[in-house]
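Thanks for coming, everyone. Let me put the structure up.

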Amino acid sequence: MSVELWLVRHGETEWSLDGRHTSWTEILLTEHGRKRAEELRDYLKDVKFAAVMVSPRQRAQETCKVAGFGDLAITDDGLQEWNYGESEGKTTKEMRVKYGPEWSVWNSEIVGGESVEQVGERADGVIARAVAAATYHEGPSPGGERVALFAHAHILRILAARWVGLPAVDGRLLALGTGSVSVLGYERETRVISKWNRSFEKHSE
C-alpha cells in the first residue's frame with residue numbers, strides 16, 4: 001500500500017507556549033504561530049492530498065486555513081485534542097502541586113476528562129476514515145493516497161502510536177512541536193513512521 005497520513009500540528013498559542021493543557025478552550029494563534037502556518041503553506045503548496053481533515057478547534061482551523069487548505073478541509077470531531085478535564089488550562093507543574101510529583105496525563109486519572117485509551121479509540125476512528133478517504137477514488141485523484149490531518153499534539157502523538165500498532169499510551173514517546181509536519185506511511189505492507197516532527201521555521205542569519 002502507499003497510503004500516507006500527513007500530520008500537521010497547529011501553530012503556537014499562548015497556552016502552548018506556557019505549557020498549559022489545551023483541549024476545548026478556544027485559543028488564537030500567536031503572531032509567531034501564524035508565521036509558522038505561513039511557512040507550512042510554503043512547504044505544502046506543491047503537495048496534493050486526496051483529502052484534508054481538521055479538528056474543530058479554532059487553532060487547528062486557523063492553521064489549516066493559513067496553510068492554504070481551508071476550502072478543502074472537512075472537520076472531523078475525532079481530531080479534537082484530549083479532553084483534559086480538570087487539568088484544562090493548567091500546567092503539569094500546577095497539577096503536581098495537587099496530586100504529587102508523579103502526576104502526568106499519560107499515567108494518571110484524568111478527572112472529568114478522557115482516559116488515554118478513550119483517546120486511542122478516537123484515533124483509531126480517524127485512521128479508519130483517513131485510510132478510506134485515501135483509497136476511495138472515483139477515477140484518478142491528484143492527491144493519490146495522501147491525507148492531511150490538522151490537529152493537536154496529544155491526539156496526533158496517540159494517532160501515530162496506534163498507526164504502528166502500539167498502545168495509545170506510547171504516544172508519550174513521540175514529542176511533537178507546534179507547526180510541525182510528520183508523515184505516517186508504509187514500508188511494503190508494514191505501517192511505519194516515515195518522518196517525524198519536521199519543522200520548517202525560517203531562521204534569520
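This is a predicted model: local features need pLDDT of at least 70, side-chain atom pairs count only at pLDDT 80 or more; totals for chains, interfaces and linings use all residues.

Residues are numbered from 1 along each chain as its sequence is written, and side-chain values use heavy atoms, with hydrogens and water left out.

Now the pocket. Which residues lie nearest the centre of the largest pocket? They are Arg9, Arg20, His21, Tyr84 and His154, out of 22 lining residues. A pocket here is an open set of points on a 1 Å grid over the protein atoms alone, where a 1.4 Å probe fits, with protein on both sides within 12 Å along at least five of seven lines; lining residues have an atom within 4 Å of a point.

The lining splits into six nonpolar, 10 polar and six charged residues. Charged means Asp, Glu, Lys and Arg; nonpolar means Ala, Val, Leu, Ile, Met, Phe, Trp, Tyr, Cys and Pro; the others, Gly among them, are polar. Helix 6 (153–163) supplies at least two lining residues. Helices are DSSP runs of H or I, at least four residues, numbered from the N terminus.

Next, Asp76. Buried or exposed? Asp76 is buried, at 9% relative accessible area; buried means under 20%, with a 1.4 Å probe and protein chains only. The Asp76 side chain makes a polar contact with that of Arg129, at 2.8 Å. That term means a pair of N or O atoms within 3.5 Å; within protein, one must be able to donate a hydrogen and the other to accept it, and residues adjacent in sequence count only if both atoms are side-chain atoms.

Definitions and conventions. Buried means under 20% relative accessible area, exposed over 50%, partly exposed in between (1.4 Å probe, protein chains only).
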